[in-house]
Amino acid sequence: MIVALIIACEVGFWVLLAAGLGLRYLARMPRLGAAVLLCEPLMELALLVVTTLDLKNGAEPDWKHGLAALYIGYTVGYGHYTIKWLDGHAAHRLAGGPKPPGAGYGKARAVHEWKLWVRTVVAAAVALGLLQVAIWYVGDAGDVSSLEAWQFGALRAVGIHALVAVAYTIWPKKAPAGEEERPVLAKTER
């Protein structure tokens with residue numbers, strides 16, 4: 001049931017996102033579109049409640065509970081960023097707005113990668129916290145090795161993403177000939 005709910009939350013995320021942006025730019029109803037976009041966190045709250053109830057009702061903690069924690073962490077760390085990024089592209093393509101700036105080159109790109117790394121740290125911290133609460137909740141009554149493995153996976157993701165950011169810092173991406181370095185996502189990252 002947890003896996004089905006995670007899939008439903010992911011599908012629901014994209015459905016709500018498409019509906020919100022469609023209402024905002026195609027139907028010219030920006031307030032209603034924003035209201036639909038604000039419903040996104042409710043799905044993660046439902047996933048958290050169902051996962052907690054599943055553990056409370058005696059389910060053995062396993063990979064599904066860990067995946068739910070990572071999914072919620074990712075949504076906290078990257079959800080707003082993803083919505084803002086897609087909103088900028090929808091405004092450009094559907095409403096004639098300016099083209100959103102890209103990640104940039106050189107130092108600007110390295111800064112962008114480090115900002116994304118901070119989002120990964122936030123996502124991992126949320127997931128680690130949820131997993132630790134689940135471990136304490138289950139206590140000695142069950143095998144929590146699966147949840148601990150997910151914690152290690154979250155930390156591993158932070159480390160790998162740090163290596164990516166370090167690589168862009170040491171070996172900056174160069175702008176194509178004739179194009180200069182530009183600031184990173186100045187408007188859409190706020």
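Entry 1: I began with the cut-offs: exposed means over 50% relative accessible area, buried means under 20%, and partly exposed is in between. I note here that the model is a predicted one. Arginine 28 has a relative accessible area of 57%, so I put it down as exposed. I found arginine 28 in the loop between α1 and α2. Its phi is near 60 degrees, a positive value in a residue other than glycine.

**Entry 2: the cysteines.** How many disulfides does the count come to? I got 0 disulfides. Cysteine 9 is in no disulfide, and the nearest cysteine sulfur, that of cysteine 39, is 13 Å away. Cysteine 39 is likewise in no disulfide, with the sulfur of cysteine 9 being the nearest at 13 Å. The cut-off for a disulfide is a pair of cysteine sulfur atoms within 2.5 Å, so I left the matter there. Cysteine 9 has 3% relative accessibility and so counts as buried. Cysteine 39, at 32% relative accessibility, counts as partly exposed.

**Entry 3: the aromatic rings.** I counted 4 aromatic pairs in the structure. I wrote down the pair of tyrosine 78 and tyrosine 81: the ring centres are 6.4 Å apart and the planes are at 80 degrees, so this pair is edge-to-face. Both tyrosines lie in helix α4, 3 residues apart, which is about one turn of the helix. Tyrosine 78 is buried because its relative accessible area is 11%. Tyrosine 81 has a relative accessible area of 12%, so tyrosine 81 is buried too.

Next I looked at tryptophan 114 and tryptophan 117, which form an edge-to-face pair with 5.5 Å centre to centre and 80 degrees between the planes. These two tryptophans are 3 residues apart in helix α5 (residues 106-138), so about one helical turn separates them. Tryptophan 114 is partly exposed, with a relative accessible area of 30%. For tryptophan 117 I noted 24%, again partly exposed. Back among the tyrosines, I saw that Tyr74, Tyr78 and Tyr81 form one aromatic cluster.

**Entry 4: the nonpolar core.** Which residues touch the most other members of the largest nonpolar core? My list reads Ile6, Phe13, Leu17, Leu21, Leu47 and Tyr71, out of 16 residues in that core. The elements giving two or more residues to this core are α1, α3 and α4. The largest share comes from α1, with 7 residues. In soluble globular proteins, nonpolar side chains tend to be buried together.

**Entry 5: the largest pocket.** I wrote down a volume of about 280 Å³ for the largest pocket. Its lining has 14 residues, and those nearest the centre are Leu37, Leu38, Gly79, His80 and Ile83. Which helix gives the most to this lining? It is α4, with 6 residues. At least two lining residues come from each of α1 (2-26), α2 (30-37), α3 (40-56) and α4 (63-95). I sorted the lining by residue type and got 6 nonpolar, 3 polar and 5 charged.

Notes: Residues numbered from 1 in each chain as written. Predicted model: local features only at pLDDT ≥ 70, side-chain atom pairs only at ≥ 80, totals over all residues. Heavy atoms only, no water. 1 Å grid on protein atoms, 1.4 Å probe; cavity = no way out; pocket = protein on both sides within 12 Å on 5 of 7 lines; lining within 4 Å. Points joined across faces, edges and corners; volume = space filled by probe spheres on them. Helix = DSSP H or I, 4+ residues; strand = E, 2+ residues; numbered from the N terminus. Nonpolar A, V, L, I, M, F, W, Y, C, P; charged D, E, K, R; others polar. Buried < 20%, exposed > 50% of the residue type's maximum accessible area, 1.4 Å probe, protein only. Phe/Tyr/Trp six-rings, centres within 6.5 Å; stacked < 30°, edge-to-face > 60°. Core = buried A, V, L, I, M, F, W, Y, C linked by side-chain atoms within 4.5 Å.
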